Amino acid sequence: MTAHPAPLAADRLYRHCDPDSLDFETSDELRALDQLIGQERALEALRFGTGIQGQGYNLFVLGPSGAGKHEIVQRFLHERSRQALTPSDWCYLHDFMQGRHPRLIELPAGKGARFRRDLEQLVEELQHAIPSTFESDEYQSRLHEIQQELGQRQSEAFREIGKEAEQDHIALIQSPHGFSFAPRNDEGEVMDVEAFQALPEERRQAIQRTIAVLQEKLQKTVQQMPRWRKEVQQRIQELNEEMAAASVGPLLEELREAYRDHPRAVEHINAIQKDVTENVNALISQEAPGNSSMASVFSRYQANLLVDNAEQQGAAVVYEDMPTYQHLVGRVEHQVHQGALLTDFRLIRAGALHRANGGYLILDAVKVLTQPFVWEGLKRALYGARVKIESLEQLYSLASTVSLEPEPMPLDLKVVLIGNRMLYYLLCAYDPDFLELFKVQADLEEDVQRDADTQRLYARLFATLAREANLKALGRDAVARLIEHASRLADDSERLSRSAARGGLLGRRGGKRSGHRRTCARSHRPADLSRRAGAREPGALDSARHHAHRHRRGGAGPGQRPVGDPARRPFLRASHPHHRHGAARARWPGGYRARGQAGRQHPLQGGDDPVAPAGLALRR
């Protein structure tokens with residue numbers, strides 16, 4: 001006959017925290033907690049992932065809800081970012097060769113805003129300097145000289161033809177319709193038609209031959225006039241360019257000197273000077289400096305500061321709580337003008353990848369996967385190590401609106417995804433690119449070992465939470481009771497729940513957690529457990545659940561009996577007066593550990609755990 005183990009005493013189910021073991025009277029005597037409790041392995045993984053350089057060493061932080069994943073990650077990354085260099089500023093500039101492809105320029109932190117201000121000031125100075133230059137007496141005098149030369153040249157040519165015609169008694173007559181020739185009589189007067197017809201035939205033919213020769217010379221002179229005017233226009237253009245260069249040259253030379261260490265900035269300054277000289281006629285034809293046409297020309301000389309890190313200390317840490325496609329990779333905005341959609345490089349907007357470049361980007365894995373096209377866009381950016389701003393309409397040819405194609409930005413950042421274990425193992429199973437891009441896993445602990453040092457840290461944690469919530473100071477009796485409560489929520493008399501502390505034990509804990517624990521005292525029959533176990537899904541999802549369950553609780557592998565199998569462990573339906581809503585872990589005589597499993601939810605399921613049955617699980 002098989003001997004049954006001795007019954008587990010009720011006092012073994014509850015581990016008391018003696019208030020006298022706490023060396024303070026109230027929580028006001030304790031310093032604020034400035035460290036994380038029980039997450040050494042996760043912090044080591046974070047240090048490894050953020051310290052190693054190479055493609056694909058991004059991080060996935062996994063853990064249960066309420067474990068404080070966001071707080072832990074942001075706190076660690078902010079401390080880590082202070083040791084890193086401040087990332088660069090990035091600006092988009094107009095491309096004077098290809099207007100639809102704005103150029104990207106990188107400047108040291110703080111110089112991007114300065115460059116933008118310098119260009120804005122340059123535009124303001126040009127709007128006044130250029131009109132003033134072309135209204136000056138010097139320019140008007142030189143322009144008048146060039147125009148006079150054309151008139152004199154034309155007059156001289158007609159004068160020579162007129163002299164030659166006078167020698168043959170032919171008059172050169174100028175009318176609104178042009179030039180014509182007419183014979184003169186002996187008195188020097190122009191003959192009328194009747195007088196000309198009265199002349200002898202030979203005389204008429206001689207006059208007509210002379211007029212034909214003169215008309216040919218006049219025609220050649222008239223044909224040369226467009227060439228003369230073109231030469232004059234060329235000289236005027238050279239004069240305009242000379243005056244424009246004299247006007248903007250000193251201003252641009254100062255900018256060249258200020259940004260001589262940045263070749264792309266100098267290239268843009270040179271392009272501005274060339275564009276001013278080429279479009280000087282359009283600039284001086286405007287009636288006022290504030291004319292819209294002049295403003296449209298000058299707007300191309302400005303800079304669109306895409307990322308400004310002037311106020312940034314160390315690397316950037318960006319958390320995008322709404323990771324849509326446009327919020328992640330940026331967008332190109334449009335303006336409506338007379339019923340048409342127009343855009344330019346000044347309407348390019350940065351995404352989270354741009355702002356986090358050179359630092360860290362934190363994303364919620366669930367939000368990334370539930371937003372259309374975001375996951376593929378993120379992988380494309382990480383694989384190519386660059387972010388290209390491209391609208392979905394353009395990407396999938398859904399619209400024919402002409403838009404910009406900005407130069408892509410090179411990427412050098414760490415992406416940190418935050419999610420639960422189920423999501424992690426599903427991505428491992430279904431997406432072959434996942435482990436290539438997220439090679440570092442940081443797994444957060446759900447509970448920590450309960451000892452004197454940990455209890456002291458928890459006391460400081462409760463004191464910190466009380467101060468943050470503007471609550472009264474806690475006595476050591478209250479702190480001791482909170483420690484006991486954290487141990488109860490951990491279902492282990494030798495451990496303390498982290499989610500209990502994170503959930504706000506000081507009057508801020510929601511009903512979800514406590515409501516869940518009320519189901520712990522419910523016992524289940526083996527038939528109920530078999531029905532639940534039979535409801536598991538096959539395939540990769542079941543494999544993911546198995547790995548997550550085994551990872552979290554140290555369960556058996558395939559083909560082995562799980563820890564909670566009824567054939568391997570007895571059941572004990574007993575409860576302590578202080579544990580009406582669940583059982584706690586306690587030491588079982590003979591070296592086993594008793595752990596309450598009743599009604600406990602699996603992290604991959606919404607219902608009860610189908611693997612671990614109710615009761616007290618015994619394990620080595």
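These are my notebook entries on a predicted model of a protein chain.

**Entry 1: the whole chain**

I began with the overall counts. I found 22 helices and 21 strands in the protein chain. Of its 620 residues, 45% are buried. I then looked up how far apart in sequence the contacting residues are. Among contacts between residues at least 6 apart in sequence, 75% join residues at least 24 apart.

**Entry 2: strand 2**

Next I went to strand 2, which covers residues 89-93. How many of its residues are buried? I got 5 of the 5, so strand 2 is largely enclosed by the rest of the structure. I also noted which way the side chains go. Asp-89, Cys-91 and Leu-93 point one way, while Trp-90 and Tyr-92 point the other way.

Then I looked for the partners of strand 2. With strand 3 (residues 103-107), strand 2 pairs in the antiparallel sense over 5 bridges. Here I found Trp-90 opposite Glu-106. With strand 6 (residues 303-307), strand 2 is again antiparallel, over 4 bridges. In that pairing Tyr-92 faces Asn-304.

**Entry 3: strand 12**

I moved on to strand 12, residues 360-364. This strand is mostly covered, with 5 of its 5 residues buried. On one side I listed Tyr-360, Ile-362 and Asp-364, and on the other Leu-361 and Leu-363; both faces are covered.

Does strand 12 run parallel or antiparallel to strand 7? The pairing with strand 7 (residues 317-319) is parallel, over 3 bridges. Strand 15 (residues 414-419) also runs parallel to strand 12, joined to it by 5 bridges.

**Entry 4: Asp-118**

Is Asp-118 buried or exposed? Its relative accessible area is 19%, and the cut-off for buried is under 20%, so Asp-118 counts as buried.

Which residue does the Asp-118 side chain meet in a polar contact? I found the side chain of Tyr-259, at 2.6 Å. Leaving out residues up to four places away in sequence, Asp-118 touches Leu-255 and Tyr-259.

**Entry 5: aromatic rings**

Over the model I counted 12 aromatic pairs. I took Trp-375 and Phe-434 to begin with: their ring centres are 6.4 Å apart and the planes meet at 40°, so this pair is tilted. Trp-375 belongs to helix 13 (residues 374-384) and Phe-434 to helix 16 (residues 434-437), so the pair ties together parts that are 59 residues apart in sequence. Both residues are buried.

Trp-375 also pairs with Phe-438, and I noted that pair as stacked, 6.1 Å centre to centre with 20° between the planes. Phe-438 sits in the loop between helix 16 and strand 16 (440-443), so its pair with Trp-375, in helix 13, ties together parts that are 63 residues apart in sequence. The relative accessible area of Trp-375 is 10%, which makes it buried. Phe-438 comes out at 1% and counts as buried too.

Which residues make up the cluster around these rings? I wrote down Phe-60, Trp-375, Tyr-424, Tyr-425, Phe-434 and Phe-438 as one aromatic cluster.

**Entry 6: helix 17**

I finished with helix 17, residues 452-468.

How many of the residues in helix 17 are buried? The count is 12 of the 17, so the helix is largely enclosed by the rest of the structure. Among them are Leu-457, Tyr-458, Arg-460 and Phe-462. For reading such a list, I reminded myself that an α-helix has 3.6 residues a turn, so residues three or four places apart point the same way.

At the start of helix 17, a side-chain oxygen of Asp-451 comes to within 3.2 Å of the backbone nitrogen of Asp-453. After the helix comes Asn-470, with a positive phi near 55°.

How values were computed:
Residues numbered from 1 in each chain as written. Predicted model: local features only at pLDDT ≥ 70, side-chain atom pairs only at ≥ 80, totals over all residues. Heavy atoms only, no water. Buried < 20%, exposed > 50% of the residue type's maximum accessible area, 1.4 Å probe, protein only. Polar contact = N/O pair within 3.5 Å; in protein donor to acceptor, adjacent residues only side chain to side chain. Contact = heavy atoms within 4.5 Å. Helix = DSSP H or I, 4+ residues; strand = E, 2+ residues; numbered from the N terminus. Expected span 1.5 Å × (residues − 1). Phe/Tyr/Trp six-rings, centres within 6.5 Å; stacked < 30°, edge-to-face > 60°. Pairing = 2+ DSSP bridges.
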